[in-house]
Every structure is written in C-alpha cells, then in structure tokens.
Amino acid sequence: MFVFLAVLALVLSVGSAAWIAEHALRRTRRQTRYGRYAPWIHPRGRLAAPLNWVADSRLLRTLCERIPPVAFASDMRDVVYVNYVVDARRIEPLIPPGLELQRIGEAGDQAMLTFLSYRHGHLGPASLGRWRRLLPSPLQSNWRVYVHHRRTGALGVHFLSTAIDRTFHALGARMTAEALPMHVLGRASLLTSEDGRIDLLLGPGHGSAPDAEAHLAPLPEWPTDGPWRCAFSDYEQMLAYCVPQDRALSVQPWHGRITRQEISLGIPLDVCVALTGPVHSAAAGAITGDAEPFSFLVPLVKFRFENEEHDPI
C-alpha cells in the first residue's frame, strides 16, 4: 500500500508540474491563425483527441527543441507550384515580427503566395544512404510566402502551413522541425497521365490542413502573358524569383531569435514546365481574395535538408 501511494503521489506531482508548465508556456507561445502554433486538428476528429493534444502541446514541443536536427533527403517528383501575385497588404499581416515581407513589382506593392505539392521519394535521414529506399514516400504540400531578415539580409520563405498524408510524419515534423507547421491531410492524391495532365487533390476532411483541387495540363512553351505580369517582366524572371528558395525562416520571440533552416534543391529553371487549368482552394482564397492562380511543374527534385542555424532577431 505504501508503494502504491508513493507512486500515486509521484504521478500526481509530475502531472501537476506538467500542467503548470504547459499553461505557463502558452502565455508566450500563443495560438496564431497560421504557422506552428495554429490549432492542429486531425481529420479523424474526436477519435484522434489524444493526437490533437500532443500536436498542440507547448511543453512537448519545448522539450523536442533539445533534439539536434538531422540531415534529411528525399527524391521528390511531380512538384506542382501554384502561385498567386496579390496586393502586399493582404500578406503583410501574416508575417511574424522579426521578418519582413519581400515586396515585388515596379511599385513594390505586390507579394507572392505559393503552395507546392509533391510526392516524396523515400523521405528520411540522409545518413541511411541506400537504405533510405525502404522508407515510405508520403504526399506533402507547403504553403509559403517570401520574406527576409533585415538584420542579416537573409532571404527565404516562411511557411504559413504545411500538410502531409501520414500522421506519423506530421507529428514528427511538428514536434521537431521549427519551420514546419505540419498538419494531416484527410485525403490526398497527385496523379499524372502519359500526356502530362495532372490531377491534384488536397482534402482536409474534418482536420486543419489546407484544401486544394487542381486539374492541370502542360503548355508547349513558357507563356508570354498571365497573372504574373503585374510583378515580373517575363516568365523566366518569375521563375528566377520563385524557384531558387533554399532557406526557410521562422521566428521564436521567446528565445529572441530567427531560425534558418538551410536546404538544397538545385532546380535548373529550364526544367520547369508551365501548366494551365483550374485551381480551386478555399484556403488560398482566404489569403489571396480573387487573385488568379498560375502554375508550373518541376518533374524531379533532389531535396536535402542541410542544417539549422539561429540569428538574433
């Protein structure tokens, strides 16, 4: 009986301390509409309540900050970029303090939102070498805006949301990858046909992931006109701005720092294939209003997450 009471007292003490720590951390790590502290809801709803608690726990994420970053690699394929050029005033409120929006266009009054969706190719630690081919290849979508850090001059992207179709991967990224506000897709598919047509579906179900549906076909050459013309002189200039993005930036004001996650993509612009076709997304529309989307494809990408660095805000 004494041992039982001692164990019970220990459990209650640890539980009380964890509860106090969780609520104390929520005073600084406040809920946001976008980013890593946006509410996380699994598409299975109430059946996944324990997963929702884990994903939203400030204490668990704080503890996971102590895990050193690991270099990851993936042979990504069929990377579909859907882009919007919008009034910068629509994007500016979404940028966390410490980062600044990259403004584009002659008057500097425009900004870009991109969501890119792709099938991973055996995502896993780069150190596994050939053994990485035994790992699964989930479908992922990254929703990003383009920012810079004034103090260092570093350019990069800031993720408003990211989503993947595997719960294990979503929780792992959400706990350990500072820049990735990862959610779980209820349904997801990215289908390509022999004639190059692409059908993309991102279905959140009852969860918090962003939605999208697109039916796209390749153009024989890069277009000379489109929604991008309000910010770029030609299609190649647009690609040169959008494609070579090898850095993700996020802010941790409670640590007084900017986190830089350095990645390697190495995408030649001449492999990009312009696409045409309808795109429907309530998640994108909530940010971009009535801006018209434009899309392109990168068939293959050798992705590698290199390292994580920190700079003072």
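Helix α2 (residues 49–56) packs against helix α5 (residues 167–176) at an angle of about 25 degrees, the two axes being 9 Å apart. Here axes are lines fitted to C-alpha atoms, for helices over the stretch in contact, and angles run from 0 to 180 degrees between N-to-C directions, while helices (H or I, at least four residues) and strands (E, at least two) are DSSP runs numbered from the N terminus. Because of this angle α2 is roughly parallel to α5; angles under 35 degrees count as roughly parallel, over 145 as roughly antiparallel, 65 to 115 as roughly perpendicular and the rest as oblique. The structure is a predicted model, in which local features need pLDDT of at least 70 and side-chain atom pairs count only at pLDDT 80 or more, whereas totals for chains, interfaces and linings use all residues. Residues are numbered from 1 along each chain as its sequence is written, and side-chain values use heavy atoms, with hydrogens and water left out.

From α2, the contact with α5 is made by Leu51, Val54, Ala55 and Asp56, and from α5 by Thr167, Leu171, Arg174 and Met175, where contact means heavy atoms within 4.5 Å. These residues divide into five nonpolar, one polar and two charged, with Ala, Val, Leu, Ile, Met, Phe, Trp, Tyr, Cys and Pro counted as nonpolar, Asp, Glu, Lys and Arg as charged, and the others, Gly among them, as polar. Within α5, His169, Ala170, Leu171, Ala173, Arg174 and Met175 are buried, buried meaning under 20% relative accessible area, exposed over 50% and partly exposed in between (1.4 Å probe, protein chains only). The cover over the buried residues of α5 includes α2, α3 (58–64), β6 (155–164) and β7 (182–184).

Aromatic side chains were examined next. Rings of Phe, Tyr and Trp (its six-membered ring) pair if their centres lie within 6.5 Å, and planes under 30 degrees apart count as stacked, over 60 as edge-to-face and the rest as tilted; by this rule the count comes to seven aromatic pairs. In one of these, the ring centres of tyrosine 37 and tryptophan 254 are 5.6 Å apart and the ring planes stand at 80 degrees, so the pair is edge-to-face. This pair links distant parts of the chain, 217 residues apart, with tyrosine 37 in the loop between α1 (2–25) and α2 and tryptophan 254 in the loop between β11 (247–252) and β12 (257–264). Tyrosine 37 counts as buried at 6% relative accessibility, whereas tryptophan 254, at 23%, counts as partly exposed.

A further pair is formed by tyrosine 146 and tyrosine 241, whose ring centres are 5.1 Å apart and whose planes lie at 40 degrees, so that the pair is tilted. Tyrosine 146 belongs to strand β5 (residues 139–148) and tyrosine 241 to helix α6 (residues 235–242), so that distant parts of the chain, 95 residues apart, are linked. Both tyrosine 146 and tyrosine 241 are buried, and together with Phe232 they form one aromatic cluster, Tyr146, Phe232 and Tyr241.

Strand β5 also holds asparagine 142, which is buried with a relative accessible area of 8%. The side chain of asparagine 142 is joined to that of tyrosine 118 by a polar contact of 3.1 Å, a polar contact being a pair of N or O atoms within 3.5 Å of which, within protein, one must be able to donate a hydrogen and the other to accept it, residues adjacent in sequence counting only if both atoms are side-chain atoms. Residues up to four places away in sequence not being counted, asparagine 142 touches Thr114, Phe115, Leu116, Tyr118, Phe159, Ser161 and Thr162. Leucine 139, likewise placed in strand β5, is buried with a relative accessible area of 0%, and its C-alpha atom is separated by 9.5 Å from that of methionine 76, 63 residues apart along the chain.

In strand β6, glycine 156 counts as buried at 0% relative accessibility. Its contacts, neighbours within four places in sequence being left aside, include Tyr146.

Most residues other than glycine have a negative phi. Aspartate 78, in strand β1 (residues 72–87), has a positive phi near 55 degrees and is buried, with a relative accessible area of 19%. Histidine 122 has a positive phi of about 60 degrees; histidine 122 lies in the loop between β3 (110–119) and β4 (124–125) and is partly exposed, with a relative accessible area of 29%.
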